[in-house]
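Hi everyone, thanks for making the time. I'd like to walk you through one model this morning, going from side-chain pairs to the core and then to the strands. Have a look at it first.

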Amino acid sequence: SQYNTALAVDLEARALEAAGKSRLGGESEFQKAAFEEFVARCQRAGRRVIILDGQNNPILTRQLDPAVRVDMEAFLNQMMARYSNLVVVPGTALPPQAAADYEDLTHVNPEAQSRFTAWLAEFMKAQLNQAPVAPMNR
């Protein structure tokens, strides 16, 4: 609770601060390389990786550099072309979240959590019916 009370109440100010930390450069390239290594290891082990391309509070989304999202989507498309074990679920396929659903910049309220959990349970049931990923020997 000490952490929670220390948070800035002004979501616009917090969004500006958070957006300033989300940028393209050496750190994002390192993160992409690390993620690709993770996906490759999972593929070699016969594991499926599922990415839910979700959303943030619209207050934060408005502050983010659009180039970051464009870069992320291009990276995920390249990854899907390279790795058969990668499933990317676009945000448009996820339950919609309105600004009123958010308690802060990234967390939704219990009602939105319940809607998402019900959707995710059905999604995962469908995934269980998919063919297993064959391990790759490298």
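Arg41 and Glu37 sit four residues apart in helix α3, so about one helical turn separates them. Helices here are DSSP runs of H or I with at least four residues, strands are runs of E with at least two, and both are numbered from the N terminus. Arg41 and Glu37 form a salt bridge, with 2.9 Å between the closest N and O atoms. By salt bridge I mean a side-chain nitrogen of Lys or Arg within 4 Å of a carboxyl oxygen of Asp or Glu. Arg41 counts as exposed at 54% relative accessibility, while Glu37 is partly exposed at 36%. The cut-offs there are under 20% relative accessible area for buried, over 50% for exposed and partly exposed in between, with a 1.4 Å probe and protein chains only.

A quick word on the ground rules. This is a predicted model, so local features need pLDDT of at least 70 and side-chain atom pairs count only at pLDDT 80 or more, whereas totals for chains, interfaces and linings use all residues. Residues are numbered from 1 along each chain as its sequence is written, and side-chain values use heavy atoms, with hydrogens and water left out.

Back to the charges. How many salt bridges does the structure hold? There are nine. One of them joins Asp71 and Lys32, at 2.8 Å from N to O. Asp71 belongs to helix α5, residues 66-82, and Lys32 to helix α3, so this pair ties together parts that are 39 residues apart in sequence. Lys32 is buried at 14% relative accessibility, and Asp71 is partly exposed at 23%.

Elsewhere, salt bridges with shared partners link Glu29, Lys32 and Asp71 into one network.

Now the rings. The whole structure has four aromatic pairs. One of these is Phe35 with Phe38, a tilted pair at 6.2 Å centre to centre and 40° between the planes. For the definition, rings of Phe, Tyr and Trp (its six-membered ring) pair if their centres lie within 6.5 Å, and planes under 30 degrees apart are stacked, over 60 edge-to-face, and the rest tilted. Phe35 and Phe38 are three residues apart in helix α3, again about one helical turn. Phe35 is partly exposed at 22%, as is Phe38 at 44%.

Beyond its neighbours within four places in sequence, Val49 contacts Phe35, Phe38, Val39, Cys42, Asn85, Leu86 and Val87, where contact means heavy atoms within 4.5 Å. Leu86 is also the bridge partner of Val49 in β2. The two strands, β1 and β2, run parallel over four bridges; pairing requires DSSP to find at least two bridges between strands. On β1, Val49 and Ile51 make up the covered face, and Ile50 and Leu52 the uncovered one. In a regular strand, side chains alternate between the two faces of the sheet.

Ser84 is in the loop between α5 and β2, and it is exposed at 64%. Its backbone nitrogen is reached by the side chain of Gln43 at 3.1 Å. Gln43 lies in helix α3, residues 26-44, and is buried at 5%.

Technical notes:
Polar contact = N/O pair within 3.5 Å; in protein donor to acceptor, adjacent residues only side chain to side chain.
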